[in-house]
Amino acid sequence: MKRSKLWSLILVTILCLSMLPGAVAETALEGEITFWHSFTQGPRLERIQAAADGFMAENPNVKINIETFSWADFYTKWTTGLASGNVPDMSTAQNPQVVEMIDADAIIPLDGLIDRIGRERFFEAPLREMTGDGSCYAVPIYLHAFVMWYRTDLLEKYNLDIPATWAELYEAASTIQKGENGAVSGCSVPLGTNDQMGTIYLDLWAGSAGKSLLTPEGKANLTDPTIVEGIKYWVQMYKDNSPADSINYNVLDQATLYYLGKNAFDFNSGFQIGGVQTNSPDLLDVIDCAPIPTINEGDEPDYIVNNMPMVIWKNSKHPEICEAFIEYLYQPEIYIPFLHSVPVGMLPALKEIAEDPAFTDDPMLKKYENAKNVISNALHKGSAIGFEYGPCVEAGMVANQRVIENMFQDIILNGTPVEEAAQTAEDKINELIGDL
């Protein structure tokens, strides 16, 4: 009888303790979420789907619906869907978009998730770029940077050095353009108005000159004399060394030209390697990359760095599932194969993974060690477009509204003087900024 009373007392005590504030109980995840991402290429698309399948197998009461959009389509999708609530539970994004999402009160802070994963495990710059009002609203899934890609065989054929300045790049591109008689473009310049490639190319010039497409006060900076020179440079490069159709190229059109061996110089990330491997494997031994050119030899290059974020939307009914799935993605046995699906194109957001032999011993990473080192170095010497003075919502007006692309087309197709077109584009961006 005494033993029975003792056990009863123990059971009551356990029950009472479990009801105290702060007591933790293991609760099975249950619910359905929608995940929008822009991992459109086959291998990483398959890896993300496999990760979702694995997570659902471990959590049988969870369903993850995946929808895939190009980066350009995603921006249109979420900005138009915000008013109607037609947004996902979680998604990928781009750095300037995160700031716009914070400004629209559309996503939730993720500091708790970051601390559970281990804040010290992440590189600092990505978290800094995704912070607003003292809270971090996104976690980086991978890192990459734009560098200059070239064909080593063409440089050797025409006895050319790797260009270190923009003037040297123009001369090298012109030599190859003339020598190949149009079969290979010297340097394609993509200016399609359904993407941001014209903005990217102009920002690369501006950064190399220590300039930003935004002023420190958050206004457009297109009439700065140095940036006007950059506009003229790319217009001339387009006219002399680029296919006529590139006036309408988006990022995939442009990249495909390099994948097929039809562009001597290109500006992109390590994704070029996977593209060449898929489309022209015979060229894998003759591609490499170098730092962004500068105006003056010996200047420090600047880079466009993309710390690709994942966010959780405020309207999600199951943010706990989103957080659990994001945490699941960082497990080495999930994360490293995902990164390897685009070797050198996706570099780790976690410090220890960057040094993990399971990551670094990949054959493609070893083959393109120089490219990996060039891009890894760039990650610490650049920022997202417009983030030179820190994260700001105005950067989205520069990067995502296609004003600069329309400016280039106005100059080339209509003959509008560069200074006039730059002023019109600057005024248009400032008008958009004023409407924020």
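Val344 sits in the loop between α14 (332-340) and α15 (351-355); helices here are DSSP runs of H or I, at least four residues, numbered from the N terminus. The model is a predicted one, so local features need pLDDT of at least 70 and side-chain atom pairs count only at pLDDT 80 or more, while totals for chains, interfaces and linings use all residues. Residues are numbered from 1 along each chain as its sequence is written, and side-chain values use heavy atoms, with hydrogens and water left out.

Although Val344 is not a glycine, its phi is positive, at about 75°. Val344 is also buried, with a relative accessible area of 1% (buried means under 20% relative accessible area, exposed over 50%, partly exposed in between, with a 1.4 Å probe and protein chains only). Arg402, another non-glycine, has a positive phi near 65°. This arginine, Arg402, belongs to the loop between α19 (394-400) and α20 (403-414), and at 12% relative accessibility Arg402 counts as buried too.

Then there is α21 (residues 418-434), whose 17 residues reach 24 Å from first C-alpha to last, close to the 24 Å expected at 1.5 Å a residue (the expected span being 1.5 Å times one less than the number of residues). Buried in α21 are Val418, Ala421, Ala422, Ala425, Glu426, Ile429, Leu432 and Ile433. They cover an arc of only 135° around the axis, so they lie on the same side of α21; the arc is taken from the directions from the helix axis to the C-beta atoms. That side packs against α10 (225-241), α19 and α20, where contact means heavy atoms within 4.5 Å. Exposed Thr424 and Gly434 are on the face of α21 turned away from its buried side.

Key
Helices (H or I, at least four residues) and strands (E, at least two) are DSSP runs, numbered from the N terminus.
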